[in-house]
Amino acid sequence: MIDLCVIGAGPAGLMAAEVAADAGFSVLVADAKPSFGRKFLMAGKSGLNLTKDESFDDFISNYDEAETWLHPMLSEFTNTDVCTWAKALGQEIFTGTSGRVFPKAMKASPLLRAWLLRLSNKGVQFQTRWRWTGWDQSKLSFDTSDGPKKIATKTTVLALGGASWPSLGSDGAWSDIFAKEGIALKPFKPANMGFIVPWSKYIEPHFGAPIKTVTLTAGSKSIRGDFVISSKGLEGSGIYAVSKDIREGAPLVVDLLPDSSLEHLQNLSLIHI
């Protein structure tokens, strides 16, 4: 019997595995895909935003009232700790104009390789192509490339993600297992997402263009950030930060010149108000 089985090899699962390994427990990480961290690697294609470089009070203000339950965990592993963690894995980091922190490599693969190697050196075991199918009494059941497997474990961490990227492993199929077991689950909702906009033909020349250092406001949330005009609509970290409020029906207001006063704008010869 192993002490801990982590199902799902994204960042949350790997962090749980490392904390347990550091405490001296035996750990197995199992994932349905043939390689680990696929969604993490996808996130790295746009630069891999690790955290924000700001005071802790400002940092936790990014979380709304419904997320206050996270505050004790964030106090134990702060945004500063995230930077220290990345540096310990050999990643140089920098802070962008929006205050977000990125690895200088601007991709996730070097960090993930170093992390998996460190976990392996700590005795963490890994299994790929192991799809969790539920419980058989006190044991975990998996479909594997070598046939069905059952694992006895003292503790299980389910780090299975949502249903946002089926091709990368986040297909939400585990919700069916929960339903069969009578475990209550809130319906999936999109989060940190872009928005579809039916652009006119006049916007087509600008597809892929970044909109830099603007202020985006939706509902009660206002944030300085960047976004991209895509062929389908609006994407990017600035949009993701206010996406929950937009999802709930709040209009999006974009201040393209947040550092300019209204008086200054009124005095510009090319702008008429």
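**Surface, fold and the setting of strand E1**

The protein chain presents an accessible surface of about 16,200 Å², and carbon and sulfur atoms account for 55% of this area; such areas come from the Shrake-Rupley method with a 1.4 Å probe, and for residues only the protein chains shown count as cover. The model is a predicted one, in which local features need pLDDT of at least 70 and side-chain atom pairs count only at pLDDT 80 or more, whereas totals for chains, interfaces and linings use all residues. Residues are numbered from 1 along each chain as its sequence is written, and side-chain values use heavy atoms, with hydrogens and water left out.

The protein chain contains ten helices and 14 strands, where helices (H or I, at least four residues) and strands (E, at least two) are DSSP runs numbered from the N terminus. Its C-alpha trace spans about 75 × 40 × 35 Å along the principal axes. Of the 273 residues in the protein chain, 35% are buried, that is, under 20% relative accessible area with a 1.4 Å probe, counting protein chains only.

Strand E1 (residues 2–7) is largely enclosed by the rest of the structure, because six of its six residues are buried. E1 runs parallel to strand E9 (residues 147–158), to which five bridges join it, and it also pairs in the parallel sense with strand E2 (residues 27–30) over four bridges; pairing requires that DSSP finds at least two bridges between two strands. Cys5 has Thr156 as its bridge partner in E9, while in E2 Cys5 stands opposite Leu28.

Definitions and conventions:
Buried < 20%, exposed > 50% of the residue type's maximum accessible area, 1.4 Å probe, protein only.
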